Amino acid sequence: MMENLRVGFLGAGGFASHTIYPALHFAPIALEAICDIDLSRANRNATKFGGGATVYSDRYQMYNNENLEALIISMGPEPRFPLVMEALEAGYHVFTPKPPAVSLTDTLKLAEATRVNNRKLMINFQRRFSLGVRSALDIINTDDFGKISQIFCSFCSGPYNTPQDYLLDFAIHHFDLIRYLGGEIKTIATFHNQIDNKGSFAVAVEFESGAVGNMQLNCQRLWGRNYDRIEITGQNQYIVLDGLWKIDHYTEGKNTFTDNFSDQRNGELTGDGLSLTEFVTAIREDRQPISNIEDCLETMRLYDAVLQTQQGGPTIVPIER
């Protein structure tokens, strides 16, 4: 049993209330305080999720009055950036939604702030903690699976205002997953098509291991469906993840098909509870969490390379570190 982490929560908007707040009770967290400029939202979440959390509209009052170890900061990446920097400099560990920032440059600044202040910053790429991805990693790490030779990812959505918004808010999940499953990437090649401000991206990657991969990414489909599909080919076996819940594992001797219908499938809880638990565990064990800011720098390098193509840059980009 771990001691509960004393946490303050900055933000009580719709996204946070639908995703992170409902998952708090899955993790060893004591929600001590909630701060939002809209006190009615903060009070609503204190009543629904807080179990006695103190409500603030001024974060400095919260910092001064509460004995907090960490902050969860949930809002868009642009307004969140100065708050995360401030929190790290004030000595708090921080947990935030993806993406880490609006640009690779700002992500580098966050990484530097964590090093200088010796704090932990975890980015909630919650799909890493889904049943499908966790099961796939277990299979990949067996001797029978062999080395990965190829990965295919498809992640398509309904329309966004701009292709850049789609890449940063939605496709960023699969920039993260392809390297989380397959390892670091050496070179990326991207072709981009745009119709009525809706973008499609055909992305090919070469991993440092020698494996190759393809990504099908676009915001020209419909909302309200399962978006994730990942196919992972090994030397002797392959895996298909459909929606990150349906897991098809193909081998020469036996094929296994698994579909999860547990409470983990709830859209409000998908991966978030395990992600929060990982954040607490990493702090208590004094190690870097999965999806820490240094790790997420590599995800943002992929985003930046694809964005360069969308903005008229080179088609083939080496990933420089």
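Predicted model: local features only at pLDDT ≥ 70, side-chain atom pairs only at ≥ 80, totals over all residues.
1. The protein chain has a secondary structure of 10 helices and 15 strands. Its radius of gyration is 20 Å, close to the 20 Å that the globule rule gives for 321 residues, so the protein chain is as compact as a globular protein of that length. Along the principal axes, the C-alpha trace spans about 60 × 45 × 40 Å.

2. Strands of a sheet pair through backbone hydrogen bonds, either parallel or antiparallel. Here, 9 strands form an open sheet with mixed pairing, in the order 14-13-12-11-7-10-9-8-15. Strand 14 (256-259) and strand 15 (316-318) are the edge strands, each of which pairs on one side only. On average, and with direction ignored, neighbouring strands of this sheet are turned by 10 degrees against each other.

3. Within this sheet, strand 11 (residues 228-233) pairs with strand 12 (residues 238-242) in the antiparallel sense over 5 bridges, and Thr 233 stands opposite Tyr 238 in strand 12.

4. Helix 7 (residues 131-140) lies across strand 11, strand 12 and strand 13 (246-250), and runs at about 175 degrees to strand 12. Helix 8 (residues 163-182) also packs on the sheet, where the strands that it touches include strand 7 (150-156) and strand 11, and its direction makes about 155 degrees with that of strand 7.

Notes:
Residues numbered from 1 in each chain as written. Heavy atoms only, no water. Pairing = 2+ DSSP bridges. Helix = DSSP H or I, 4+ residues; strand = E, 2+ residues; numbered from the N terminus. Axes fitted to C-alpha atoms, helices over the stretch in contact; angles between N-to-C directions. Contact = heavy atoms within 4.5 Å. Rg over C-alpha atoms; globule rule 2.2 N^0.38 Å.
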